[in-house]
Amino acid sequence: MITRKQLGVIRADLQVIADMINSDTRLLDVGCGDGALLDHLANFKQVDGRGIELSTEGVNACVSSGLSVIQGDAETDLKDYPDQAFDYVVLSQTIQAMASPKEVLEDLLRIGERAIVSFPNFAYWRLRWQILTRGRMPVSRTLAFQWYDTPNIHFCTIRDFVILCEEMGITIERSIALDRDGDKRRVRSAMFFANLFGEQAVFLLSKQK
Amino acid sequence: MIETSVPECIDGSTDKSAEESTKVALPGKSVLLGQDQPLRLDCGAELAEFTTAYQTYGKLNAEKSNAVMVCHALTGDQFVAETHPISGMDGWWSQIVGPGKIFDTDRYFIICANVLGGCMGSTGPKEINPETGKSWGLDFPVITVGDMVRAQVMLLDHLGIDQLFAVIGGSMGGMQVLEWVASFPDRVFAAIPIATAARHSSQNIAFHEVGRQAIMADPDWCGGDYLSQDKNPHRGLAVARMTAHITYMSGSALHRKFGRRLQDRKSFTYGFGADFQVESYLRHQGVTFVDRFDANSYLYITRAMDYFDLAAEHDGVLANAFKGAKTRCCVLSFTTDWLFPTEENRQIVRALNAVAANVSFAEIESDKGHDAFLMDEPEFHMVLSGFLNGSAVLRGLRQADS
């Protein structure tokens, strides 16, 4: 039987990230989980990939399948990497769990020429609706935790993230919002709609020259 | 495993001389090196001629690309995957080396050499000094981990192998692996240092010193000259082994294995015999160790570990040791290893990251302490196997035909 992995099928947001990456490049995946993105990029784009992952299960799964992954905490271990060591540094669905997202963002663009950041959009209409109608912290597919046990401590909206990039002098090369069905929407041409209908967003960033 | 024969004291009943206990014709291979180009040691001395005893498993392929160097730990030897010629025990890493195992001998060519300074056939203090015709004893020059690795490189040259597919080792074996990556990066495709450190900690030096003092306090040590006086400081060496053995296990593993259970008795004897199982076990470890190990070798090899400090050799910056290394590295540590704790291993990872080297790192959950790397630890074996296979694919090594 041919597996989804062999066909190159990965999660919709990871596919959007993968599409932003050129072949034969060097990449660091921060919070790489079970290594799905690294594996996909190694097989389909000949990317020389590395990963950092906090969970033991994730690291073991990655190394066991031949990926170069270290067990570590992005917030302390990114400091060890030299400047501009990679073409891309990816941080997918993790920035909202960081204690100092701004510093992490700075590190990503110090280590890599480009950074790719994806995160759940807190201004997604279903979340707004839950707060508005139920008056409770939203729980959804992308934010599947109660307020007291969530690892997500720094929520932001697409608009917030764009503003932070402006403040930090970061160039947004590409920005894509994904709706519930994984359909893509360009953020910049229609910020209002992207921020309302985007369940999550993927940004390709670089330092302003 | 609890031994039923309780040594009531480590003095033991058999008082074999070292000559007797180790004068067994050892299986395996042996080669005389350094004849063309002497081995210059870190201490300044030169070894113009020295023997390396080694063992190999599997076949070197036509491209000579499937060689794996296994580096043994302090008291290990070249008998990785076969019954030990003296102790009769299984090879120390037969769990993972053999046909169909992680280090599949149908796929890889495994080499393991007894370290320089060792006592299983390689030149060391026990062997004959060609200049005097007597055992070297303390006249043997002090050797370092770097010297051990340079001797291995000479063996590799002798075997006509340019690049090892992999080099692997735990504990002192891991130190050798790091030395390989730092000094001969082009000759190693993949490196797996396990439960080790880039420098020996003061705590570990302290434990070694206790062991050495135990040996040297034994009157039969004779200032290191016991071989020519037909003596053997086996009591001192046994105590050294007992101390060291405690450091190889975690407190919880010791407790799980022995608790406070008594050995073959229902109550205390109100004396100093081995009342507790843990005492009996340790004494057994000590007494059996002296049959296969030389006391002076123990002094020299522990010293080599103490002197190991890879950063110091590179202007105090460990990362400098790995600059430009293209070797794929996989560092592994164990949660309850307090001899070479995860933090020490992580420092190696940090240094490799600092030069953007290709590195994997996993901390394996185990309650078996430092010795976990020698045990049946499924998670450890899974990660090891994954890294090795991934590397083999990149190196273009085919699966063994089955």
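This is a predicted model: local features need pLDDT of at least 70, side-chain atom pairs count only at pLDDT 80 or more; totals for chains, interfaces and linings use all residues.
Two residues are in contact if their C-beta atoms, placed from the backbone, lie within 7 Å.

Helix H3 of chain A spans residues 36-45. Because seven of its 10 residues are buried, H3(A) is largely enclosed by the rest of the structure. Those buried positions are Ala36(A), Leu37(A), Leu38(A), Asp39(A), His40(A), Leu41(A) and Ala42(A). What lies over them? The cover for the buried residues of H3(A) includes helix H2 (12-19), strand S1 (26-30), strand S2 (48-53) and strand S4 (86-92) of chain A. After H3(A) comes Gln46(A), which has a positive phi, near 50°.

Is Ala74(A) buried or exposed? It counts as buried, because it has 22 C-beta neighbours inside 10 Å and the threshold is 20 or more. Setting aside neighbours within four places in sequence, its contacts are Val30(A), Gly31(A), Ile52(A) and Val104(A). Asp107(A) is 33 residues away from Ala74(A) along the chain, and their C-alpha atoms are separated by 9.7 Å.

I turn now to chain B, and to strand S5, residues 67-71. This strand is mostly covered, with five of its five residues buried. In a regular strand, side chains alternate between the two faces of the sheet. In S5(B), Ala67(B), Met69(B) and Cys71(B) point one way, while Val68(B) and Val70(B) point the other way. Which strands pair with S5(B)? One is strand S8 (residues 109-113) of chain B, joined in the parallel sense over four bridges. Within S8(B), Cys112(B) is the bridge partner of Val70(B). Another is strand S9 (residues 164-170) of chain B, also in the parallel sense and over four bridges. There, Gly169(B) is the bridge partner of Cys71(B).

Leu159(B) lies in helix H2 (residues 145-159) of chain B. It counts as partly exposed because it has 16 C-beta neighbours inside 10 Å.

Next, a helix pair in chain B. Helix H4 (residues 202-217) and helix H5 (residues 234-248) of chain B pack at an angle of about 165°, and their axes are 7 Å apart. That angle makes H4(B) roughly antiparallel to H5(B), since the cut-off for this class is over 145 degrees. The crossing of the two helices is right-handed. On the H4(B) side, the residues that meet H5(B) include Phe207(B), Val210(B), Gly211(B) and Ala214(B); on the H5(B) side, those that meet H4(B) include Leu237(B), Val239(B), Ala240(B) and Thr243(B). By class, the residues of this contact divide into 10 nonpolar, four polar and no charged.

Finally, the two chains together. How many residues does each chain give to the contact? Chain B contributes 23 residues and chain A contributes 16 residues. On the chain B side, the elements that give two or more residues are strand S11 (328-334), helix H10 (342-354), strand S12 (359-364) and helix H11 (378-395). The largest share of that side, eight residues, comes from H11(B). The chain B side divides into 12 nonpolar, six polar and five charged residues.

Terms used. Residues are numbered from 1 along each chain as its sequence is written. Chains are lettered from A and ligands numbered from 1 in the order in which they are written. A residue is buried if 20 or more other C-beta atoms lie within 10 Å of its own, exposed if 12 or fewer, and partly exposed in between; C-beta atoms are placed from the backbone. Two strands pair if DSSP finds at least two bridges between them. Ala, Val, Leu, Ile, Met, Phe, Trp, Tyr, Cys and Pro count as nonpolar, Asp, Glu, Lys and Arg as charged, and the others, Gly among them, as polar. Axes are lines fitted to C-alpha atoms, for helices over the stretch in contact, and angles run from 0 to 180 degrees between N-to-C directions. Angles under 35 degrees count as roughly parallel, over 145 as roughly antiparallel, 65 to 115 as roughly perpendicular and the rest as oblique. A crossing is left-handed if the near helix is turned anticlockwise from the far one by less than a right angle, and right-handed if clockwise.
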